[in-house]
Amino acid sequence: MLNLCWKYQVPGILLTEKHLSESAMSVELKPEDIEIMEPKMANDGEEYLRYKITDDGISPLKFPPSEDMIKWNSYEHSENGITTEDAETISKMHDARFRKGETVEKALREMKTVNVYGDSGPVIFTYGSTTMSVVEALKAGDIEATVIQPIYLEPFPKWAMKDFADSNPIVIEQSVSGMFANLITEKTGISPGTIIKRYDGRPFDPEELAEAIKEAI
Amino acid sequence: MMAKELITSAENTWCTGCGNFGILNAVPKAVKKLEEKGVGKDKIVITAGIGCHGKIHDYLALSGLYSIHGRGSAVGQGMKIANPDLKVIAFGGDGDSYGEGIAHMIFAAKRNADITVLIHDNGAYSLTTGQASPTSERSFKGPSTPEGSAEDPLNPLALMLISGATFVARGYSAKLDNLVELIVRGVMHEGFSIIDILQPSVVFNDAYDEYNEKTEIIESPAESVDEAIKLTRERERLPIGVLYEKQKEPHHKALLGDFNPVADRFSREKRLKAIREIIGG
């Protein structure tokens with residue numbers, strides 16, 4: 001994710017949770033496999049524009065110290081980073097950011113954005129550490145199901161969910177309002193048959209969850 | 001280099017007679033003097049919060065980041081830690097840096113972050129038509145306090161002094177030469193420097209007469225924090241100049257020594273070696 005942030009010059013939010021952060025596990029790291037993406041840097045010799053309008057929405061980077069004026073701006077701005085209230089420029093900058101969103105989505109389409117466990121039975125959508133609870137519950141209850149776990153929530157990998165459009169899925173999440181289920185419906189049009197929720201500050205118990213899944217099926 | 005080369009072509013929307021113009025005049029002159037001292041303008045980065053003061057970010061042809069409300073001092077600290085070779089000037093307003101951003105100011109002072117904070121202190125939220133700010137006088141009338149403010153003003157410089165600031169000054173936007181000198185000294189000071197600049201808002205808090213009458217340039221700083229605090233409490237006259245200065249190791253030196261995360265950036269090989277050492281591979 002840090003690679004994507006660096007390459008596309010966007011902030012990234014790594015969602016985590018108490019259950020994950022309080023669990024310890026071992027992973028094997030292969031340092032030489034770590035890929036480091038390089039950002040698009042500006043060429044010397046031309047006037048530097050921090051927010052240069054480009055086809056892919058990415059403006060080349062340059063850092064101080066530099067003889068060029070490099071201005072970042074939290075207000076709406078012109079290409080040179082100076083605040084603007086000009087209607088045409090404002091629209092162009094919105095378009096540029098929107099194009100960058102499309103560029104990021106295009107890159108994500110080439111990446112693994114969804115984990116799928118199993119290939120038969122009813123479809124279950126879940127995310128985060130709840131995925132592990134669900135996989136354990138299926139084992140505990142000897143249930144056959146296909147578990148879909150999006151790894152990215154924004155951009156939401158809707159392209160990877162096309163096969164499950166009519167699956168009438170079960171959604172399992174740690175939330176009182178069913179916000180993950182709502183997100184799925186908003187992004188894909190898929191409406192869940194059942195939502196299994198828990199919101200007492202504790203992870204799902206595999207056996208209890210297995211019973212709830214059986215009931216939903 | 002001419003000072004006017006440091007002004008962009010952005011349209012200036014401050015009110016005619018606004019004290020902010022004094023600060024806008026002072027900074028290019030200070031930058032010129034800093035160049036004579038070997039600090040090139042390429043090494044100077046600026047940042048600002050939100051308010052009328054923040055517009056100076058658009059008007060000065062210097063690199064930087066126009067940040068969000070009260071966060072100029074936080075962003076400035078980040079710039080310094082990222083590349084300690086840079087000289088950082090963080091512009092702020094009294095509403096911005098003494099209100100929402102006050103915690104960043106206290107901690108920047110506490111850790112002696114080597115940045116220079118210039119506060120455009122006009123005692124009102126003038127960009128949003130003059131609401132009472134943290135430094136508004138008691139009884140100040142504005143859209144949010146139509147019957148007059150029921151609160152006493154904050155003494156920001158006393159707060160900075162007890163928080164650990166190592167360079168504390170007060171300037172006046174209409175005393176240009178003095179202000180230029182304060183900015184140069186603040187930037188050259190190694191550690192946290194704050195200059196509270198009295199800056200009349202002609203429309204919402206026109207204090208020119210009072211400041212012209214009461215401001216008085218002091219020749220040398222106080223000997224101690226306690227003495228400096230006394231200077232900040234004076235009401236009959238308003239002492240202008242460096243109120244307190246002390247040498248102390250700046251935050252980036254305590255944290256990084258002479259290491260510069262940009263100039264001394266680790267190669268991929270060095271990073272991988274460090275990771276291998278941690279995982280024992």
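Which residues have the most contacts inside the largest nonpolar core? They are B:L118, B:V168, B:I183 and B:L243, in a core of 65 residues. A nonpolar core is a set of buried Ala, Val, Leu, Ile, Met, Phe, Trp, Tyr and Cys residues joined through C-beta atoms within 7 Å, and buried means that 20 or more other C-beta atoms lie within 10 Å of a residue's own, with C-beta atoms placed from the backbone.

This is a predicted model, in which local features need pLDDT of at least 70, side-chain atom pairs count only at pLDDT 80 or more, and totals for chains, interfaces and linings use all residues. Residues are numbered from 1 along each chain as its sequence is written, while chains are lettered from A and ligands numbered from 1 in the order in which they are written.

Leaving out residues up to four places away in sequence, B:I183 touches B:A26, B:V27, B:A30, B:L118 and B:I195, where contact means C-beta atoms within 7 Å. A second, separate core includes A:I124, A:F125, A:Y127 and A:I170.

| Core | Size |
|---|---|
| Second, separate core | 24 residues |

Chain A is divided into domain 1 (1-111) and domain 2 (114-216), with bounds from an automatic or database domain assignment. Their centres, taken over C-alpha atoms, are separated by 32 Å. In chain A, 8 residues of domain 1 are in contact with 7 residues of domain 2. On the domain 1 side, helix 2 (18-21) and helix 3 (87-109) of chain A each give two or more residues, and helix 3 of chain A supplies the largest share, 4 residues.

Notes. Two residues are in contact if their C-beta atoms, placed from the backbone, lie within 7 Å. A residue is buried if 20 or more other C-beta atoms lie within 10 Å of its own, exposed if 12 or fewer, and partly exposed in between; C-beta atoms are placed from the backbone.
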